[in-house]
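Subject: Structure for you to look at

Hello,

Here is the structure I promised to pass on. Please open it first, then read my notes below.

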Amino acid sequence: MKITEITTYLVGNPWKNWLFVKIDTDEGIHGIGEGSLGHLSKTVEAAVHEMKPFILGLEIFQTETLVTRLTRHVYADGGQIKMCAISALEIACWDAIGKALGQPIYNLVGGRVHERIPAYVNGWYRVPRTPEAFAQAAKKVVAKGYFAMKFDPFGSAMTRLNPQDEDLAIDLVAAVREAVGPHVLMAIEAHSRFSPSTAVSIGKRLEPYRPAWFEEPVPHQNVPAMLEVARRLEIPIATGESLSSKQQVADLLRHAAADIINFEPLHMGGILGSRKVADMVDAHYGTVIPHAAQGPICTLACLHIDISTPNSWLQETFEDFNEPWGRDLLTKFPRIVDGYFELPDGPGIGADLNLEEIKRHPYHENPDVSLFEDDWHFRRSEIGRAHV
């Protein structure tokens, strides 16, 4: 069963563009994948087509050859851009393999070790940055049955916060904790905003509110800086989403300071690459919470990884707080019941592209939302357009 064609689809979500990929084979079976990358999804699309000649004619089962050929034979680093293109193709291959064998992907990469996957919800705080508004929004999350949530209370901060802004951020956290009670898992996202000293200062103020983790407090490029923060705080640090190779993850793990790794499957070479990285994390007694801030195919891929991974903990989801048509881009999407994802149903990834719905949401030229501009948390493309 050989790869005969590769087709790409760009979908314009108001706050970022999504990239989907379809691989066709000579036996009429196809697979779907995703390579979304924020502001650069169109760039990833170009990378997919530039690399296409290296894999046309390859057997669909040769996922290791595909990833090796595109990571090594295409002799350029490319970082996240290159890895998103590779991962989209790898995920699509696994979808086609599952369809050919009549099995869900998770049965082909280790089998089911979890019967359902606990979800933690993101994107729920599209409200004014006041303690009252955040508290009310958090209560609505809990009312939907979720018992885990994440949010960024830091506005448009970069490197440091003035005292007034820092106090507001802590007030938002305090209001959410009071609103949801002591047992809801509450993670604090920092989007790589801070210097090490600022991250430690803020982290100390967060400790009384018992965050489940403090995510990406400093940029990922300087591992010692992340480790300094991790070792000086009494709350766990989560990191890994910006890494784009298993070697980078290995370098992080060898310091034994961060044990919650939120790798992005689209940066790790797709499904099997992510399973390998999760195993490496397990060897260091860590847990994984796959990053899923892209489109619905990425979330589905994460679920197949979670289901077959003993040390997976929670799965990020925007689905209940994303554009209402987001799920409609696929023919099926698992329900979230009482805060847990149900298992994907069907062979392969468990869904197909709804091409009619995809046509209704074309690529948009507006800049995607910037995390360092005011009111970004509303996730509206108008924010970017206002600054062009």
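**What I found**

K52 is buried, at 18% relative accessibility. Buried means under 20% relative accessible area, exposed means over 50%, and partly exposed is in between (1.4 Å probe, protein chains only). Before more detail, note that this is a predicted model: local features need pLDDT of at least 70, side-chain atom pairs count only at pLDDT 80 or more, and totals for chains, interfaces and linings use all residues. Residues are numbered from 1 along each chain as its sequence is written, and side-chain values use heavy atoms, with hydrogens and water left out.

**Salt bridges**

What does K52 pair with? Its side chain meets that of E5 in a salt bridge, 3.2 Å from N to O. A salt bridge is a side-chain nitrogen of Lys or Arg within 4 Å of a carboxyl oxygen of Asp or Glu. E5 lies in strand β1 (residues 3-13) and K52 in the loop between α1 (41-51) and α2 (63-73), so the pair ties together parts 47 residues apart in sequence. Helices (H or I, at least four residues) and strands (E, at least two) are DSSP runs, numbered from the N terminus. E5 is partly exposed, at 34% relative accessibility.

By the salt-bridge rule, the count is 20. Another of them joins K276 and E64, at 2.5 Å from N to O. This pair links distant parts of the chain: K276 is in helix α9 (residues 271-283), E64 is in helix α2, and they are 212 residues apart. Both ends are partly exposed: K276 has 38% relative accessibility, and E64 has 37%.

R254 is exposed, at 59%. D251 is partly exposed, at 28%.

**Nonpolar cores**

Now go inside. In soluble globular proteins, nonpolar side chains tend to be buried together. A nonpolar core here is a set of buried Ala, Val, Leu, Ile, Met, Phe, Trp, Tyr and Cys residues joined through side-chain atoms within 4.5 Å. The largest core has 120 residues, and W124, F154 and F214 touch the most other members. Helix α3 (residues 79-101) gives the most to this core, with twelve residues.

Which residues does W124 touch? Leaving out residues up to four places away in sequence, they are F134, A137, A138, V141, M149, K150, F151, V176 and F321. A second, separate core has nine residues, including Y120, A187, A212 and W213.

**Aromatic rings**

A pair of aromatic rings is described by the distance of the centres and the angle of the planes. Rings of Phe, Tyr and Trp (its six-membered ring) pair if their centres lie within 6.5 Å; planes under 30 degrees apart count as stacked, over 60 as edge-to-face, and the rest as tilted. The structure holds 16 such pairs.

Take F147 and Y340. Their ring centres are 5.1 Å apart and their planes are at 50 degrees, so the pair is tilted. F147 is in the loop between α4 (131-143) and β5 (148-151), Y340 is in strand β13 (residues 340-341), and 193 residues separate them. F147 is partly exposed, at 25%. Y340 is partly exposed as well, at 23%.

W213 and W313 form an edge-to-face pair, with 5.5 Å between centres and 65 degrees between planes. W213 is buried, at 1%. W313 is partly exposed, at 31%. There is also an aromatic cluster, made of W124, Y125, F134, F151 and W376.

Two charges sit over rings. A charge counts if NZ of Lys or CZ of Arg is within 6 Å of the ring centre and within 35 degrees of the ring normal. K144 lies over the face of F321, at 5.7 Å from the ring centre. R379 lies over the face of W15, at 4.7 Å.

**The whole chain**

Finally, step back. The chain has twelve helices and 13 strands. Of its 388 residues, 60% count as buried. Its C-alpha atoms fill a box of roughly 60 × 45 × 40 Å, taken along the principal axes.

Best wishes

Note on methods
Contact = heavy atoms within 4.5 Å.
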